[in-house]
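Visitor: I'd like to learn how to read a fold by its side chains and packing. Can we go through it feature by feature?

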Amino acid sequence: MAYFAGLDFGTSGARITVIDASQTIIVEDKAPYASASQLAWDRLWLKALDQLIQNLPEATRAKLKAIAINGTSATVLLCNSVGQPITPPLLYDDDCGEAYREPLTAIAPAGSPVLSATSSLVKLLWWQETLPSSALQQADCLVHQADWLAFQLHGKLRLSDYHNALKLGYDVGQLAYPQWLANLDLPVTLPTVQAPGSLLGYVSRMASERYGLPRTCAVTAGTTDSIAAFLASGARSPGEAVTSLGSTLVIKLLSETRVDDSRYGIYSHRLGNLWLVGGASNTGGAVLKQYFSDEALQKLSSQIPSDRPSQLDYYPLIKPGERFPTNDPDYSPRLTPRPSDPVHFLHGLLEGIARIEAQGYDLLQSLGATAPTVIFTAGGGAQNSAWTALRQRLLPSPIRPAVSTEASFGSACLALEGWLKIQ
């Protein structure tokens, strides 16, 4: 029996899923980060890695053939030549490098993912300018969260995947670092980039002794948390899409054509020979929770006449500012008039979010992406049958539940796919 493990390192904790070759789940477990801990983030990640692997039954560990890890996009560390962090990690949403974003606009392509205050490259430039020279002299490489955790298992430094490296400036079209990036006088070595799922190495002797893993267990290149969640859905063919109905609304569509358009907050990840095109709106479940408890949402949703429109023209946002399908930092919420009937009000909110979702898919298709053929749904909103019915009335394709909503399951599938390729 062959088993495959995926690890997901999210914002509040980590999770592991072990599957067999038929993608049947064998084990799932989670390890929340200690909220009151004084440890640095890298120590918290290591504690979670230790807990999740060592808590697996010994018989399960013995049958592991491959492991893949995902982490939050643009969470990075600056390490010395033996992989030890020389500064605390900078997390995915840290915008400390805002001042270094503007100079990049003169050299990076318009719409490049590096042109964000939270990109990996901007963070590297911030370190370059703000760290003492003594610290910079120790610096050897920039490492993404998923890469560093995989390094704990295979022992090879300076390896990454092209999903994590996208916000470092890696050109996923040419599969190479662009010349404009090579011309920068960067203080560290950039990682060698491989396709997600490709072999990075096998479990090292040290990791085998620490975790009880077989030396024959492969460690494959990982991915980001959002793409792992996409893989978990079961979507694999052009036209298959995933809508995540969480705190925000995120849509991703597998396309034969690449689409990048910063006017609308759209960019593409490479996924084999296809492109994962999408965008993220500020609308979503967080708006609903401003007005309703979970219990009220469930009760009121069951009373919505989802087969007919609400006659309310809402654009639900918590505060001004939208990213996709409209990219406008001053875009105003539209939440009036507000009816006295809470069922009618919720009907309008759910319909408004569904309308934004439909506009998103229409926009992707108008810009050249493959037309959606089926839309898988993930996130908490996937359980709301009334919302599903509203969405089905507005969306261009059939709606299906995701195979799994756990990013760790997606990483386990990535490990399985990688193992099959090296057999």
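Predicted model: local features only at pLDDT ≥ 70, side-chain atom pairs only at ≥ 80, totals over all residues.

Visitor: Which side chain meets Glu417 in a salt bridge?

Guide: The general idea is that side chains of opposite charge can pair when their charged atoms come close. The cut-off here is a Lys or Arg side-chain nitrogen within 4 Å of a carboxyl oxygen of Asp or Glu. For Glu417 the partner is Arg236, at 3.4 Å, N to O. That pair links distant parts of the chain, 181 residues apart: Glu417 sits in helix H14 (residues 407-421), and Arg236 in the loop between helix H9 (225-233) and strand S12 (240-245). Helices and strands are DSSP runs numbered from the N terminus, H or I of at least four residues for helices and E of at least two for strands. Arg236 is partly exposed too, at 32%.

Visitor: How many salt bridges does that rule give?

Guide: The count comes to 15. Take Arg263 and Asp261, whose closest N and O atoms are 2.7 Å apart. Arg263 is exposed at 53%, whereas Asp261 is buried at 13%. Another is Asp313 with Arg355, at 3.8 Å between the closest N and O atoms. Asp313 lies in the loop between H11 and H12 and Arg355 in helix H12, so this bridge ties together parts 42 residues apart in sequence. Asp313 has 46% relative accessibility and Arg355 has 24%, each in the partly exposed class.

Visitor: Which residues are linked in a network of salt bridges?

Guide: Asp313, Arg334, Glu351, Arg355 and Arg393.

Visitor: Now helices. Which residues of H11 are buried?

Guide: H11 covers residues 294-301, and its buried residues are Leu297, Leu300 and Ser301. They span an arc of only 95° around the axis, which puts them on the same side of H11; the arc is taken over directions from the helix axis to the C-beta atoms. As background, an α-helix has 3.6 residues a turn, so residues three or four places apart point the same way. On the face turned away, H11 carries the exposed Glu295, Gln298 and Lys299. The buried side packs against helix H10 (285-291), helix H12 (342-366) and helix H13 (385-394), with contact meaning heavy atoms within 4.5 Å.

Visitor: And which residues are buried in H13?

Guide: Ala386, Trp387, Leu390 and Arg391. Down the axis of H13 they fall within an arc of 135°, so they line one face of the helix. Their packing partners are S12, H10, H11, H12, strand S16 (374-378) and strand S17 (399-401).

Visitor: Zooming out, how many helices and strands does the protein chain have?

Guide: 14 helices and 17 strands. For overall shape, compare the C-alpha radius of gyration with the globule rule, 2.2 Å times the number of residues to the power 0.38. With 423 residues, a compact globule would be near 22 Å, and the protein chain has 22 Å, which agrees. Buried residues make up 55% of the chain. Of the contacts with a separation of 6 or more, 68% join residues 24 or more positions apart.

Notes:
Residues numbered from 1 in each chain as written. Heavy atoms only, no water. Buried < 20%, exposed > 50% of the residue type's maximum accessible area, 1.4 Å probe, protein only.
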